[in-house]
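Thank you all for making time this morning. I would like to walk you slowly through one chain, and I will start from a single residue before stepping back to the whole.

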Amino acid sequence: MPKNKSHSGAGKRFRVTGSGKILREKAGKRHNLEKKSSKVTRRLTGTVEVAKADVPRAKKLLGR
């Protein structure tokens, strides 16, 4: 059975923890920040877990 190639874009977007959870950055904190309130920009910081329904697809893209 040949190895699966990992998706290079997914490799930059997702991070796998030691326990196997897949983390992602929150969307929407890259531009048009003058319009957004400080409350919103603070809420968009940090990483969150990938939704349960999207985990199989993310794992496949990461070659796991």
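Predicted model: local features only at pLDDT ≥ 70, side-chain atom pairs only at ≥ 80, totals over all residues.

Let me begin with Thr41, which is found in helix 2, residues 38-43, where helices are DSSP runs of H or I of at least four residues and strands are runs of E of at least two, both numbered from the N terminus. Residues are numbered from 1 along each chain as its sequence is written, and side-chain values use heavy atoms, with hydrogens and water left out.

Is Thr41 buried or exposed? Thr41 counts as buried because its relative accessible area is 16%, and the cut-offs are under 20% for buried, over 50% for exposed, and partly exposed in between, with a 1.4 Å probe and protein chains only. If we leave aside its neighbours within four places in sequence, Thr41 is in contact with Lys29, Leu33 and Lys36, contact meaning heavy atoms within 4.5 Å.

Which residues does Leu44 touch, leaving aside its neighbours within four places in sequence? They are Lys26, Ala27, Gly28 and Lys29. Val16, by contrast, is 28 residues from Leu44 along the chain, and their C-alpha atoms are separated by 20 Å.

Thr45 is also placed in the loop between helix 2 and strand 3, the strand being residues 47-49, but Thr45 is partly exposed, since its relative accessible area is 39%. Beyond its neighbours within four places in sequence, Thr45 is in contact with Lys26 and Lys29. Between Thr45 and Gly28 there are 9.8 Å from C-alpha to C-alpha, with a separation of 17 residues in sequence.

Asn32 has a positive phi of about 55° although it is not a glycine. For background, most residues other than glycine have a negative phi. Asn32 counts as partly exposed because its relative accessibility is 47%.

Now let us turn to the core. The largest nonpolar core is made up of five residues, Ala10, Ile22, Val50, Ala58 and Leu62, where such a core is a set of buried Ala, Val, Leu, Ile, Met, Phe, Trp, Tyr and Cys residues joined through side-chain atoms within 4.5 Å. Ala10, again leaving aside neighbours within four places in sequence, is in contact with Leu61 and Leu62.

Finally, the chain as a whole. There are three helices and three strands, and from the N terminus they run α-β-β-α-β-α. The C-alpha trace spans about 50 × 20 × 20 Å along its principal axes. The radius of gyration, taken over C-alpha atoms, is 15 Å, whereas a compact globule of 64 residues would be near 11 Å, by the rule of 2.2 Å times the number of residues to the power 0.38. Of the 64 residues, 14% count as buried. Among contacts between residues at least 6 apart in sequence, 53% join residues at least 24 apart.
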